[in-house]
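The sequence and the structure are shown first.

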Amino acid sequence: MKKRLFLLLVFSQIYSFGQNSKCEDFHIGNFLYSDPDFKSWKVSRTENTQIETDSILGHKIEGAIKWISNCEYELTYTKISDMNLQNVIGTKMRIKIVYISDNKIVCQSDNKVKMEMVKID
């Protein structure tokens, strides 16, 4: 029984390490949301910034990124082109990458909203 428990712990650590190293592949790049309601939005991310652009309405949302771990970051909204959403500037959101498959990730925010994103480059 102890041997099984030990092996389970070893395999879970190996999986966790693999997941964390893959998360780094999604720190930087360009992404599209899989949700059809957000199909016009493109996300461009560097190590420290994220810019979301709506290709239909022309809205732009900019934020500063602080990586807390390989798979979790804090996003602080710094600039929003839509004048009706200016009150969101300064708001912080914690986001965790909870699933990775090929070029897709599922992120979950601290308010439990999940979004799938596809890395396009």
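## Strand pairing and the barrel

Strand 6 and strand 7 run antiparallel and are joined by six bridges. Strands here are DSSP runs of E of at least two residues, and helices are runs of H or I of at least four, both numbered from the N terminus. Two strands count as paired if DSSP finds at least two bridges between them. Strands of a sheet pair through backbone hydrogen bonds, either parallel or antiparallel.

Eight strands close into a barrel in the order 1-2-3-4-5-6-7-8, with antiparallel pairing. From one strand to the next, the twist averages 35°; the axes are lines fitted to C-alpha atoms, for helices over the stretch in contact, and angles between N-to-C directions run from 0 to 180 degrees.

## Basis of the description

The model is predicted: local features need pLDDT of at least 70, side-chain atom pairs count only at pLDDT 80 or more, and totals for chains, interfaces and linings use all residues. Residues are numbered from 1 along each chain as its sequence is written, and side-chain values use heavy atoms, with hydrogens and water left out.

## The nonpolar core

The largest nonpolar core has 21 residues, of which Ile 97, Ile 105 and Met 117 touch the most other members. Such a core is a set of buried Ala, Val, Leu, Ile, Met, Phe, Trp, Tyr and Cys residues joined through side-chain atoms within 4.5 Å. Buried means under 20% relative accessible area, exposed over 50%, and partly exposed in between (1.4 Å probe, protein chains only). Among the elements that give two or more residues to this core are strand 1 (29-33), strand 6 (92-101) and strand 8 (114-119). Strand 5 gives the most, with four residues.

## Cysteines

A search of the whole structure finds one disulfide, defined as a pair of cysteine sulfur atoms within 2.5 Å. It joins Cys 23 to Cys 71, with an S to S distance of 1.9 Å. The link of Cys 23 and Cys 71 is right-handed, with 100° about the S-S bond. Because Cys 23 lies in helix 1 (residues 2-23) and Cys 71 in the loop between strand 4 and strand 5, the pair ties together parts that are 48 residues apart in sequence.

Cys 23 is buried at 0% relative accessible area, and Cys 71 is buried at 5%. Cys 107 is in no disulfide, and the nearest cysteine sulfur, that of Cys 23, is 8.7 Å away. Cys 107 is itself buried, with a relative accessible area of 7%.

## Salt bridges

The count comes to two salt bridges, each requiring a side-chain nitrogen of Lys or Arg within 4 Å of a carboxyl oxygen of Asp or Glu. In one of them, the side chains of Glu 72 and Arg 94 meet at 3.7 Å, N to O. This pair links distant parts of the chain, with Glu 72 in strand 5 and Arg 94 in strand 6, 22 residues apart. Glu 72 is buried at 18% relative accessibility, whereas Arg 94 is partly exposed at 36%. Glu 72 also touches Trp 67, Ile 95 and Lys 96.

Glu 74 forms a salt bridge with Lys 92, the closest N and O atoms being 3.9 Å apart. Glu 74 lies in strand 5 and Lys 92 in strand 6, so this pair ties together parts that are 18 residues apart in sequence. Lys 92 is exposed, at 52% relative accessibility.

Terms used
Contact means heavy atoms within 4.5 Å. Lists of a residue's contacts leave out its neighbours within four places in sequence.
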